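Let's take a friendly walk through the salt bridges of this protein. Have the sequence and the 3D view ready as you read.

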Amino acid sequence: MLADRSRYQDWVVGTARSRPKDGDWPEVGATLEYTVRLGPWEATGHTVVRHSDPPRTLELEVDSGRLGTARISLEVRPWGADSLVIVDEHPLAGPGGRLHNAALDALLQLRHRSMLSRLAAVAEEAPARASTGA
């Protein structure tokens with residue numbers, strides 16, 4: 001699922017749309033554009049692959065314009081018959097970088113829980129879609 005940039009809008013919390021921009025995802029330097037919606041408010045940004053070792057790791061730099069930038073690392077580990085996904089996110093610049101504290105980390109953890117739940121649902125749906133041709 002991490003290698004399919006067309007599915008990011010399905011599991012990244014807040015993302016209403018995502019679309020390819022440059023390069024071959026998930027190669028280093030590849031980018032996607034995304035649109036975030038919060039009520040009537042809408043903003044666009046882009047995400048760049050900074051490190052990729054499919055299917056184990058994907059490190060991204062997210063640029064949300066005036067909201068700032070962040071580094072997000074996703075690591076997938078085998079866990080019995082399943083997979084364990086570890087997310088590490090750190091604000092780099094902008095308001096998130098200046099205001100980074102324990103309270104912001106707690107909010108990020110809540111967002112990550114929702115995001116990982118969505119990612120699991122998309123991943124579990126993928127085999128069913130493949131078998132039905134959907």
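## Arg19 and its partner

Arg19 is partly exposed in this predicted model, with a relative accessibility of 27%. Its salt-bridge partner is Glu33, and the closest N and O atoms of the two are 3.8 Å apart. Because Arg19 sits in strand 1 (residues 15-22) and Glu33 in strand 2 (residues 31-38), the pair ties together parts that are 14 residues apart in sequence.

Glu33 is partly exposed too, with a relative accessible area of 29%.

## Asp88 and Arg71

Next, please turn to strands 5 and 6. Here the side chains of Asp88 and Arg71 meet in a salt bridge, at 2.8 Å from N to O. Arg71 belongs to strand 5 (residues 69-79) and Asp88 to strand 6 (residues 82-93), so this contact links parts that are 17 residues apart in sequence.

As for accessibility, Asp88 counts as partly exposed at 31%. Arg71 is partly exposed as well, with a relative accessible area of 26%.

Within it, the side chains of Arg7 and Asp10 meet at 2.4 Å, N to O.

Is Arg7 buried or exposed? Arg7 is buried, because its relative accessible area is 11% and the cut-off for buried is under 20%. Asp10, by contrast, is partly exposed at 34% relative accessibility.

## The whole structure

Conventions:
Residues numbered from 1 in each chain as written. Predicted model: local features only at pLDDT ≥ 70, side-chain atom pairs only at ≥ 80, totals over all residues. Heavy atoms only, no water. Salt bridge = Lys/Arg side-chain N within 4 Å of Asp/Glu carboxyl O. Buried < 20%, exposed > 50% of the residue type's maximum accessible area, 1.4 Å probe, protein only. Helix = DSSP H or I, 4+ residues; strand = E, 2+ residues; numbered from the N terminus.
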